[in-house]
Amino acid sequence: MYNFIFSNKFNYRIRRHIAFWLARILFLTTSLCIYIYDPQKSLIANFLQAAKVSPVKVIMVDIGYCYAIIYFFAPVYFLKKKYFAFVIRLLFITLLFLMIGLTYNYFYFGLSSLPAGVMPVYIWGNVKDALFLGPPSTCIIFLSIKMLKTWYIKEKEKQILLNANAAAEILLLKAQIHPHFLFNTLNNIYSFTLNKSPKAGEMVLQLGDMMKYMINDCETDLVPLGKELKMISDYIGLEKVRYGNR
């Protein structure tokens with residue numbers, strides 16, 4: 001599901017677009033089914049009748065309008081901050097598609113016999129439906145989904161970058177602390193070996209366990225609590241040798 005929504009691979013992109021336009025066809029068919037619903041027929045018969053009328057033809061207009069704006073006019077003009085040119089072309093292509101839709105409906109439904117006084121009402125009704133239920137509204141939904149997806153990906157990349165920076169800071173801190181701690185501990189061990197103290201052997205074991213933990217064990221996602229407590233105990237034991245009772 002994550003790949004289906006966010007992957008830029010060609011096959012996932014194709015599936016996303018097909019799913020979107022299938023949902024659009026279902027919406028148009030359902031809306032038309034409600035509009036022309038015949039109580040004398042079954043729900044399935046009404047739905048099939050609506051499916052025969054125009055959704056697939058309408059969807060071709062929506063696809064042409066959406067892809068022309070989102071994949072041509074927006075990258076060429078809007079994203080390059082040519083806002084005036086973008087608005088002019090947006091208005092032009094919107095009017096063009098409105099005229100195509102009006103002309104298609106006029107001839108498809110045989111409206112040449114309409115009285116002259118009814119024609120303005122018919123035109124206004126078609127324009128209103130086209131703006132709120134046609135290509136412009138479809139384009140807004142399409143663009144909103146695309147923008148939400150882009151925003152989510154950017155936020156995820158930002159979070160990954162923040163995590164990487166935090167990890168880099170921790171590694172830098174470790175690189176600064178480890179040599180300082182290591183040299184002090186080795187000096188203490190050296191002083192005990194000169195005196196042939198048995199404490200030297202114990203410190204070597206503690207230091208060895210700590211280095212093994214820091215190099216290998218703590219790189220995993222989960223660490224047993226016992227190992228964590230053992231490392232803290234070894235660290236405190238080595239520091240006690242250095243600071244005494246202070």
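Contact, or touching, means heavy atoms within 4.5 Å. The structure above is a predicted model, in which local features need pLDDT of at least 70, side-chain atom pairs count only at pLDDT 80 or more, and totals for chains, interfaces and linings use all residues. Residues are numbered from 1 along each chain as its sequence is written, and side-chain values use heavy atoms, with hydrogens and water left out.

**Exercise 1. Find E239 and say which residues it touches, not counting residues up to four places away in sequence.**

Step 1: Go to helix α9, residues 225–243, where E239 lies. Helices here are DSSP runs (H or I, at least four residues), numbered from the N terminus.
Step 2: Check accessibility. E239 counts as buried because its relative accessibility is 14%; buried means under 20% relative accessible area, exposed over 50%, and partly exposed in between (1.4 Å probe, protein chains only).
Step 3: Look for partners. With residues up to four places away left out, E239 touches F181 and G244.

**Exercise 2. Decide whether T185 is buried or exposed, and list what it touches.**

Step 1: Locate T185 in helix α7, which spans residues 135–194.
Step 2: Its relative accessibility is 3%, so T185 counts as buried.
Step 3: Not counting residues up to four places away in sequence, T185 touches M203, L207 and L238.

**Exercise 3. Compare the loop residues K81 and K196.**

Step 1: K81 sits in the loop between α4 and α5, while K196 is in the loop between α7 and α8 (199–215).
Step 2: Phi is near 65° for K81, a positive value in a residue other than glycine. For K196, phi is near 55°, again positive in a residue other than glycine.
Step 3: K81 is exposed because its relative accessible area is 63%. K196 has 74% relative accessibility, so K196 counts as exposed.

How values were computed: Helix = DSSP H or I, 4+ residues; strand = E, 2+ residues; numbered from the N terminus.
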